[in-house]
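Hi,

Here is the structure I promised to pass on.

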Amino acid sequence: MALTLIGLNHRTAPVDVRERLNVPESKIGESVRSLRGIDGVEGAAFLSTCNRAEAVVSSRTEDVIEHVVDWLALQAGTERASLEKHLYILRYADVVKHLFRVASGLDSMIVGEPQIGGQVRSAFHAARNAEALDPLLQQVFEQTLRVAKRVRTETALGEHAVSVPYAGVELARKIFGDLRGLQVLLLGAGEMSELTAEHLHQQNVKQVFVANRSFERAQELAARYSGTAVHFDRIDEHLASCDIVIASTGAPHHVVKVEAVQRALEARRRRHLFLIDLSVPRNIDPEVAKLDGAFLYNVDDLQSVADSNMEVRHEKAREAEQIVTREVDLFRQRVVAQDAVPTILELQQRLEELRASELEKCLRKVGPITPEQRAAIELLTTQMVNKILHYPILQLKQAPDEPAERESLRQTIRKIFGLR
Amino acid sequence: MMFDAADTLYLALALYALGTLIALGSLFTTDRRPQHAALIVMIGGFAVHTFWIGVICTRTGHPPLTNLPELAAFLSWTIFAVELGLYLRYRVYAAAFFVYPLVLLLLTVPAVLGEPFTHMDPSLRSGLFTAHILFATLGIAGLLIGLAFTTLAFMQDRALRSKKRGALWQWIPSLDVCRSLSYRLLATGFSVYTLGLIAGAMWSYRTTAGIIALHMKEMSAVIAWVLFAALLQTFISGAFRGKRTLYISGAAFVAIIVAILGIAHA
């Protein structure tokens with residue numbers, strides 16, 4: 001069975017091409033059914049994310065490739081020629097390796113991003129629900145998800161934040177642990193601070209207070225996080241009740257003074273205060289960092305956290321690549337061995353029959369012998385047969401990936417040993 | 001050579017040593033599996049340790065509380081039991097980096113000093129004495145693990161303040177979790193330890209006709225009590241930050257170890 005993957009991703013195609021092949025999750029089943037309907041396709045799956053679109057098919061021959069390219073052009077609503085230059089075509093073990101890497105996040109735009117694992121799982125489920133998978137593709141996808149899980153468990157790839165807003169959330173977790181029940185004060189409405197607040201909001205913080213020079217803008221933002229707008233001149237009152245303060249006001253001076261934070265900390269007693277200053281010039285007095293219980297990070301600090309996390313990710317990605325390489329090898333061996341099993345069994349049966357009949361003939365000529373002598377001869381002939389079969393079986397198990405080459409090897413061995 | 005059930009002490013010691021080595025080795029990897037392996041080996045050691053304590057109780061007819069080797073073994077057992085309970089409840093592993101070596105070191109005491117199968121001095125056959133030892137041991141176990149979390153909280157605070165990751169960064173739980181566990185363990189350990197000291201003072205008062213001796217062991221125990229009280233006070237007053245807390249913790253640890261080592265052979 002031939003295994004082929006045809007697709008494009010963020011490295012081979014610009015966004016205007018990728019978006020043409022972006023299929024919403026609800027319509028993947030329909031797409032995969034039509035892909036499976038192509039003449040000669042035995043099994044099919046279709047992976048569509050904002051950064052990639054890939055059709056994976058298993059077939060008796062490789063003739064289906066042209067049809068799949070046509071199908072992709074049809075899906076994209078474009079000329080085949082204009083799509084073809086962005087496509088890559090992978091075969092056999094390269095398909096398996098590619099899927100293992102994709103699901104593990106190694107082929108993503110941001111190495112190790114965790115969403116892709118879920119997207120591959122969804123593509124697998126959609127194909128299975130559409131009854132588009134054959135045993136080979138079923139096996140490939142199941143193993144892909146296992147490998148992705150193994151990579152994430154063993155390397156913790158993707159555990160550390162690599163963007164400034166996520167770095168803020170990661171640090172908040174290092175201080176407070178569970179973020180539920182915390183209160184956040186957002187000062188100003190910079191893009192980065194909004195993103196950070198958005199991420200914190202997704203972590204189910206208890207309340208988001210928004211203060212802005214324009215109260216209407218504060219109300220607008222607060223509504224987005226189901227929060228509360230507060231007047232800018234009353235932020236000092238909220239410092240004591242909030243656990244995380246994100247400042248990004250665009251003001252040319254310190255909006256949060258060290259004395260105000262000192263008073264807030266005294267009121268908070270043992271509870272910490274995490275302050276994130278994303279503005280340039282800075283809005284939070286840097287002296288705040290010297291106060292016990294206050295943790296102050298500015299945009300450079302967060303960027304440096306994100307950068308060092310990225311280095312860690314690249315290190316872990318190297319470990320992950322080794323795992324993928326080993327897993328591909330094991331999977332390839334397993335599939336080739338499974339393919340060779342019927343021939344091996346036939347071969348063993350044929351030679352055992354020969355051995356048994358020749359032994360009987362020989363023993364008739366020799367005449368009566370003791371049970372010990374018979375056992376010794378049985379052992380000798382069995383070992384000889386095993387020795388003779390050793391290399392042919394090894395060759396069958398280590399056959400090449402390409403089905404045509406494997407078939408040719410099988411036919412040769414069958415001819416040599418006179419199998420039907 | 002006949003197998004003696006008492007020799008299981010060395011098996012427990014070997015398993016603890018292996019578990020400790022694996023746990024410390026896991027500091028150099030991001031993989032969590034060595035930590036799970038270390039925990040399983042330590043639980044194996046704990047099971048053997050429990051069997052060995054059972055053997056002592058059967059042979060001597062009393063709990064292993066009469067001399068330094070027995071107490072060190074019992075304290076080691078109690079510390080691991082508390083640590084295991086905490087792990088099962090909170091799934092926080094980082095304290096193991098301190099607790100496992102301590103468990104190993106304490107169990108080394110009976111292995112080095114010889115078999116602790118002594119029969120109990122009649123003066124020690126008292127409910128007050130048993131209460132004194134049991135409460136003091138449980139209290140010390142809580143206090144020592146509390147100190148491990150205090151150290152972790154200090155390390156986390158320093159790392160967050162300096163914006164540099166330390167060796168344990170990825171394994172240390174959040175600052176709030178470290179502080180909260182540290183406080184709970186110290187407060188509970190301190191209360192139980194205080195009960196142990198009171199029971200000990202009462203037993204001493206009764207057996208020595210009103211005279212309470214203050215030798216090195218008793219002095220260290222009282223000093224440790226004062227230092228732990230000071231440590232708890234820093235929590236309650238909100239001053240639990242900075243090097244002062246760490247110095248008090250270090251001094252309290254030394255005092256408690258001196259008190260344990262000061263226990264005379266029966």
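Two residues count as in contact when their C-beta atoms, placed from the backbone, lie within 7 Å. With that cut-off, take the contacts in chain A between residues at least 6 apart in sequence: 70% of them join residues at least 24 apart. Bear in mind throughout that this is a predicted model.

Staying with chain A, it has 15 helices and 10 strands. Its radius of gyration is 32 Å, well over the 22 Å that the globule rule gives for 420 residues, so chain A is more spread out than a compact globule. The C-alpha trace of chain A spans about 110 × 60 × 30 Å along its principal axes. Chain A splits into domain 1 (2-155), domain 2 (164-301) and domain 3 (322-416), and the C-alpha centres of domains 2 and 3 of chain A are 72 Å apart. Of the 420 residues in chain A, 40% are buried.

Now the interface. Chain B puts 14 residues in contact with 16 residues of chain A. On the chain B side, helix H5 (127-162) and helix H6 (175-207) each supply at least two residues, with H6(B) giving the largest share, 3 residues. By type, that side of chain B has 5 nonpolar, 4 polar and 5 charged residues.

On confidence, the predictor gives the complex an ipTM of 0.79 and a pTM of 0.71. Chain B averages a pLDDT of 84, and 89% of its residues score at least 70. Within chain B, helix H1 (residues 8-25) has the highest confidence, at 93, while helix H8 (residues 242-261) has the lowest, at a mean of 81.

Cheers

Note on methods:
Residues numbered from 1 in each chain as written. Chains lettered and ligands numbered in written order. Predicted model: local features only at pLDDT ≥ 70, side-chain atom pairs only at ≥ 80, totals over all residues. Helix = DSSP H or I, 4+ residues; strand = E, 2+ residues; numbered from the N terminus. Nonpolar A, V, L, I, M, F, W, Y, C, P; charged D, E, K, R; others polar. pLDDT = per-residue confidence, 0-100. Domains from an automatic or database assignment. Rg over C-alpha atoms; globule rule 2.2 N^0.38 Å. Buried ≥ 20, exposed ≤ 12 C-beta atoms within 10 Å, placed from the backbone.
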